[in-house]
Amino acid sequence: MMSIRQRREIRATEVSEDFPAQEENVKLENKLPSGCTSRRLWKILSLTIGGTIALCIGLLTSVYLATLHENDLWFSNIKEVEREISFRTECGLYYSYYKQMLQAPTLVQGFHGLIYDNKTESMKTINLLQRMNIYQEVFLSILYRVLPIQKYLEPVYFYIYTLFGLQAIYVTALYITSWLLSGTWLSGLLAAFWYVTNRIDTTRVEFTIPLRENWALPFFAIQIAAITYFLRPNLQPLSERLTLLAIFISTFLFSLTWQFNQFMMLMQALVLFTLDSLDMLPAVKATWLYGIQITSLLLVCILQFFNSMILGSLLISFNLSVFIARKLQKNLKTGSFLNRLGKLLLHLFMVLCLTLFLNNIIKKILNLKSDEHIFKFLKAKFGLGATRDFDANLYLCEEAFGLLPFNTFGRLSDTLLFYAYVFVLSITVTVAFVVAFHNLSDSTSQQSVGKMEKGTVNLKPETAYNLIHTILFGFLALSTMRMKYLWTSHMCVFASFGLCSPEIWELLLKSVHLYNPKRICIMRYSVPILILLYLCYKFWPGMMDELSELREFYDPDTVELMNWINSNTPRKAVFAGSMQLLAGVKLCTGRTLTNHPHYEDSSLRERTRAVYQIYAKRAPEEVHALLRSFGTDYVILEDSICYERRHHRGCRLRDLLDIANGHMMDGPGENDPDLKPADHPRFCEEIKRNLPPYVAHFTRVFQNKTFHVYKLSRNK
């Protein structure tokens, strides 16, 4: 219907000098037009050019990613069931609620179906708005109903175009953050170029469109840009209030759209705590940001019908602990260096103890177990004890939750991003150490950053914030590959800022005794322009080839399965199987599920372990009893799981089940001494032999090269 065959052309970079009016230490008066009016016109011209480029580069990025998605799947030409199957795993589950809202006769009935849902988990009625972050699907479905676009735009296109539109906002926010830090829009342009040329490592939106992070990260980028502006000194009261409003709205939307928001904002709170403790950030502004975090989470908690996982989050406990510790420990920022260092360590210890105490109390009061799998995973990941816990091992064995692969740095180096990032990071870290030591040594210093005497090494609060932010999120990305998208996008911002920053070049030129205002001007503009030319020369042909390469979605086995389910099973039939496949069953057929990929619920995790016994060494009677306890009518077995080769021994799903059940694993290799041989063969293999014990409980009703569907008998 709507073929996305977009074209991109790149313009020569306009080398238009942007006067950084806020930078006191940049002496480029001889480059600026004389007179107040001329300066104002110059500033307006620079803002107009920079703003126009920001909007254009954001829109072009959005079109580029949408075109890649279209070319990869031929999305405009494939059938509706194929489009839905292309939303893999949890993506399909989230999209199914958008589809469900649109299919409801009225909005009221649609809301009622989400609040009293009995199809996502069989034999249970759950509140989906409480359990999952799907308000964005609700909002889009309402918008699609209200707007007069039904005749011109299919629902699926309205959905995916919204996500690609958010990518335009995302890139624009990164551009603005870099611009705010450096004082020139040229750094924003470089950040956007790096984001696009490092697309493999900065986004995955084109093949995981409905994923929660693709909704949330644009708002996260807006929040970082707003915080960067908020931390500037001497803001006008009106500007400060408007910026706080922007921070609150973006923080709220970020929290509403992603279930892992609390962990990302905890990292931000640690950034604020570090900078506040080292006198590198005004305490009043840190307090405002702590308060916004708590308020946003509590508001989301209310909208999610008092979701206990939010109330029991470490973020709320940590922020409250910071406020309490401040009241208990006064005069923290006075005294000699050793005195202040001792106070700081005591303050840190007090905050950590209070955080753990409050969090433990809240979880006991609420009887909260929803996030315990995350802490089990972290404990096992960092070697704090071996575990046979199925849920923890399920995460540990997934590549996305492993360490960041080394070849990532090779790809980032090809675009010069990693080299520039290390260069800027090394300089700013050195400056940060000097400033922190100066602040701790000067007992009379009160928020001395940005107010030091002339000639002293200086680190502005907004720069300090982005520095600690990129370091902490860098550690997160190095430890967990899935989180690299939070780091690599900010890496583009931080590296481009440094190359265009007059402070960085001034410090560097002074250290080699080559300081001159003209040289600063030459370096901060020539270096990014040369890199932009290099990126265009090296990557433009490849991007054009990528845009011209046409593929087509092809998954005939899954399409055949979904068509068979739609045609040959009752509408109220209950299906069991792998989490990933059942999300597609829910979307394509509307059938009831036993389990699904949204894993943030303890009872669901127990269900999933029970259902997954179809891939363990269990007796047919036991498997039948387990499945029937969830009302299962049909079970889908996948050869790709039963005979899995993607993971190594010990990480295959069947191995994780064997270990959790105390059974020895298949194949050559060692087993723990206490593991014992199973009393029964593997269920998913043995059922295909049609032996009497299996035939008595299971009847095969569908089979193709990938899937085997069995109907369960109702006898006990």
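Q: Which pattern do the disulfides of the protein follow, if I count bonded cysteines along the chain?
A: Counting the bonded cysteines along the chain, the disulfides follow the pattern 1-3, 2-4; please keep in mind that this is a predicted model.

Q: And how many disulfides does the structure hold?
A: The structure holds two disulfides: one is formed by C397 and C651, and the other joins C642 to C684.

Q: Take C397 and C651, then: how far apart are their sulfur atoms?
A: The sulfur atoms of C397 and C651 are 2.0 Å apart, and since a disulfide is a pair of cysteine sulfur atoms within 2.5 Å, that counts as a bond.

Q: Where in the chain are those two?
A: C397 is in the loop between α18 (390-396) and α19 (407-414), while C651 is in the loop between α29 (639-642) and α30 (653-660), so that the pair links distant parts of the chain, 254 residues apart.

Q: Are they buried or exposed?
A: Both C397 and C651 are buried.

Q: What's the handedness of that disulfide?
A: The torsion about the S-S bond of C397 and C651 is about -75 degrees, and therefore this disulfide is left-handed.

Q: What about the link of C642 and C684, left-handed or right-handed?
A: That link is right-handed, with 80 degrees about the S-S bond, and its S to S distance is 2.0 Å.

Q: Which parts does the pair tie together?
A: Because C642 lies in helix α29 and C684 in helix α31 (residues 683-686), the pair ties together parts that are 42 residues apart in sequence. C642 is buried, and C684 is buried as well.

Q: Switching to helices: at what angle do α1 and α7 cross?
A: The axes of helix α1 (residues 36-73) and helix α7 (residues 155-182) cross at roughly 140 degrees and come within 8 Å, and the crossing is right-handed.

Q: How do the residues of that contact divide into nonpolar, polar and charged?
A: The contact of α1 with α7 has 14 nonpolar residues, 10 polar ones and one charged residue.

Definitions and conventions. Residues are numbered from 1 along each chain as its sequence is written. This is a predicted model: local features need pLDDT of at least 70, side-chain atom pairs count only at pLDDT 80 or more; totals for chains, interfaces and linings use all residues. Side-chain values use heavy atoms; hydrogens and water are left out. Axes are lines fitted to C-alpha atoms, for helices over the stretch in contact, and angles run from 0 to 180 degrees between N-to-C directions. Helices (H or I, at least four residues) and strands (E, at least two) are DSSP runs, numbered from the N terminus. A crossing is left-handed if the near helix is turned anticlockwise from the far one by less than a right angle, and right-handed if clockwise. Ala, Val, Leu, Ile, Met, Phe, Trp, Tyr, Cys and Pro count as nonpolar, Asp, Glu, Lys and Arg as charged, and the others, Gly among them, as polar. Buried means under 20% relative accessible area, exposed over 50%, partly exposed in between (1.4 Å probe, protein chains only).
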